[in-house]
Amino acid sequence: MNRWLLAYKFCTSNNQLPECFRTSFSFTIIKVFVLFVAFSATLNVTAQQTAPQQQSSYIKVITERSAKIVNTLSIKDSVQYKKVLAVLVQQYNSINNIHEESKIALAAIKQQSITTQESALQLQQLEEKKAALLLQLHEGFLTQLKINLSEEQVELVKDGMTYRIFPITYSAYQDLVLTLTQEQKAKIYDWLKEARELAMDAESSDKKHAIFGKYKGRINNYLSAAGYNMKKEGEEWQKRIDAKKSAQH
């Protein structure tokens, strides 16, 4: 870039312009090029400055999110509070890093000139690697929580990370189908609990809800196979909800 700037300065000083450029068009091209180079350099510097700022902003977001969860645990000791908060912030950050690195690897695979079969194999290997990393991270996270928290508090952290979809949905199914057997309740409970473990490692709210959505579909199929008309059960549940609202007014 310096050579072009020096050339530009030389050609525009000491009346050298006619010798350097025989037409005003040539002068315009050179000027635009110099400005483009300078602008590109500015963009590079800005990008380098933006990355740390984005990371700092993200850490702030997940720290606030983590604090809301830790505040539900009734921790009175400040040292313990800070330890749990740090563990949770680190978990969110590590989950994000794994998913972001996986996205970069995915983009690289798609840019390769390889066969469909080779691409499918690489994608499968990438998903398996991501799943293994998330599982390892998940287990380490729970180990750290159990060092500092009771089982009840660990459950609260899990629910906090997944917007309490597990307990809310489990309660909803019991209200939806009043004649569930104990075996059916246990099956629904176990599936939703499994969904929560997976949702804890998802990278976004939408992905967390999607995981629960998949398991709710499995539950609905299970209940339908057991003879329940889920559409009718839903209509009857809505009638009970409406009747309860009317009784309160």
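**Two helix pairs in close-up**

**View 1. Contact of helix α5 with helix α6.** Phe141, Leu142, Leu145 and Lys146 in α5 meet Glu151, Val154, Val157, Lys158 and Met161 in α6, where contact means heavy atoms within 4.5 Å. By class, this contact of α5 with α6 holds six nonpolar, no polar and three charged residues; Ala, Val, Leu, Ile, Met, Phe, Trp, Tyr, Cys and Pro count as nonpolar, Asp, Glu, Lys and Arg as charged, and the others, Gly among them, as polar. This is a predicted model, in which local features need pLDDT of at least 70 and side-chain atom pairs count only at pLDDT 80 or more, while totals for chains, interfaces and linings use all residues. Residues are numbered from 1 along each chain as its sequence is written, and side-chain values use heavy atoms, with hydrogens and water left out.

**View 2. Angle between α5 and α6.** Helix α5 (residues 116-148) and helix α6 (residues 151-161) pack with their axes 9 Å apart, at an angle of about 135°, and are therefore oblique to each other (under 35 degrees counts as roughly parallel, over 145 as roughly antiparallel, 65 to 115 as roughly perpendicular and the rest as oblique).

**View 3. Helix α7 beside helix α9.** The axes of α7 (residues 165-176) and α9 (residues 205-225) come within 12 Å and cross at roughly 20°, which makes α7 roughly parallel to α9. On the α7 side the contact is made by Ile165, Phe166, Thr169 and Tyr173, and on the α9 side by His209, Phe212, Lys216, Ile219, Asn220 and Leu223. The residues of this contact of α7 with α9 divide into six nonpolar, three polar and one charged.

Note on methods:
Axes fitted to C-alpha atoms, helices over the stretch in contact; angles between N-to-C directions. Helix = DSSP H or I, 4+ residues; strand = E, 2+ residues; numbered from the N terminus.
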